[in-house]
Amino acid sequence: MGESMIDRRKLLLGGAALALSGCKIFDSATDRDSTMRAFFASHERLTQATQRRLIGDRLAPEFSEADIRQGQRPNGSTDPSGAAYRRMAETGFADYRLTVSGLVEAPQNLSLADLTALPSRTQITRHDCVEGWSCIAKWRGVPLGTVLQLAQPRVTARYAVFHCFDAIERGLSGEVFYYESIDLIDAFHPQTILAYAMNGQPLPVANGAPLRLRVERQLGYKMAKYVHTIELVDSFSALGRGRGSYWADRGYEWYAGI
Ligand SMILES: Nc1nc2c(c(=O)[nH]1)N[C@H]1C(S)=C(S)[C@@H](COP(=O)(O)O)O[C@H]1N2
Ligand SMILES: [Mo]
């Protein structure tokens, strides 16, 4: 698929860069006007351009009200048990804050009232889970791009990481909280929203209350529920096992395009 073509291209270009630079790779890479650095910079622009051409502007199909035939089937975590989350849920999420941090000029701390006061987008889309089932539902929320603009991403930001309230795993080494990430192309896609309503009702706890991601051109596991923090980063090295998502760290594709 698209992503593997991109990976192959990266690999080829990376190999060419290494061959070109020879043994000077270590001292020249950090030099501001090194040819190596320039080569990598142009390679990055090329890769990005290829990615845009392949997946950039395409919209996921949208449906009509009549296509909504059942409720959105809850999957994965459906009832986070952490004390802080439970307290918030009992008071209708009045104390909820969405934090936007990392590689941004203006970190944000937004209440649900702040989020619902921003222009919203409503879309009826099909959710495809990797397990093989689908549901069509109506989602309403604030475009992620709008929220990111408030925070003013730095030029070095490449990915948006979503940190969630639910412990998806409890082991000897402690709790693992769900995490996901998308690149900034998907983050600024018009159908990528932070949803706070579903099928005309406030988002139910089972489906990620009070705020969950919709990224409509990818599989269900990308659509982080129970989001409390969005962190802009330039790499995944400090996150989980380094592949950018709870499920990617366990063997699934990071880019789950459909
Ligand atoms: N925080 C969090 N987000 C999550 C999950 C989860 O377990 N925890 N499961 C994922 C999977 S596999 C799917 S299919 C969808 C399910 O969303 P739904 O419960 O609204 O159907 O959420 C995704 N986002
Ligand atoms: Mo899923």
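Predicted model: local features only at pLDDT ≥ 70, side-chain atom pairs only at ≥ 80, totals over all residues.
The contacts with the ligand may now be considered one by one. The side chain of Gln 72 has an N or O atom that lies 2.8 Å from an oxygen atom of ligand 1. In the case of Ser 77, a polar backbone atom lies 2.8 Å from an oxygen atom of the ligand. For Asn 75, a polar backbone atom is again involved, and here the distance to an oxygen atom of ligand 1 is 2.9 Å. How much of the ligand does the protein cover? On its own, ligand 1 has 530 Å² of accessible area, and the protein covers 98% of this area. The ligand sits in the second largest pocket.

Cys 129 is found in the loop between strand S3, residues 121-128, and strand S4, residues 134-143. Is Cys 129 buried or exposed? Cys 129 counts as buried because its relative accessibility is 11%, and the limit for that class is under 20%.

Tyr 179 belongs to strand S6, which runs over residues 174-183. Its relative accessibility is 7%, so Tyr 179 counts as buried. The C-alpha atom of Tyr 179 is 9.4 Å from that of Ile 168, and these residues are 11 residues apart along the chain.

Ser 245 is located in the segment after strand S10, residues 227-233. Because its relative accessibility is 0%, Ser 245 counts as buried. Its side chain has a polar atom that lies 2.8 Å from the backbone nitrogen of Ala 248.

The backbone itself also deserves attention. Most residues other than glycine have a negative phi, and most peptide bonds are trans. Which residues are joined by a cis peptide bond? Ala 209 and Pro 210 are joined in this way, with omega at about 0 degrees. Pro 210 has its place in the loop between strand S8, residues 201-202, and strand S9, residues 212-214.

Positive values of phi occur at Phe 93 and at Tyr 226. Phi of Phe 93 is near 65 degrees, and Phe 93 is not a glycine. This residue lies in the loop between helix H4, residues 83-90, and strand S1, residues 98-102. Phe 93 has a relative accessibility of 10% and therefore counts as buried.

Tyr 226, which is likewise not a glycine, has a phi of about 50 degrees. Where is Tyr 226 placed? Its place is in the loop between S9 and S10. Tyr 226 counts as buried because its relative accessibility is 0%.

Conventions: Residues numbered from 1 in each chain as written. Chains lettered and ligands numbered in written order. Heavy atoms only, no water. Polar contact = N/O pair within 3.5 Å; in protein donor to acceptor, adjacent residues only side chain to side chain. Areas by Shrake-Rupley, 256 points an atom, 1.4 Å probe, with all protein chains shown as cover. 1 Å grid on protein atoms, 1.4 Å probe; cavity = no way out; pocket = protein on both sides within 12 Å on 5 of 7 lines; lining within 4 Å. Sits in = over half its atoms within 2 Å of the grid points. Helix = DSSP H or I, 4+ residues; strand = E, 2+ residues; numbered from the N terminus. Buried < 20%, exposed > 50% of the residue type's maximum accessible area, 1.4 Å probe, protein only.
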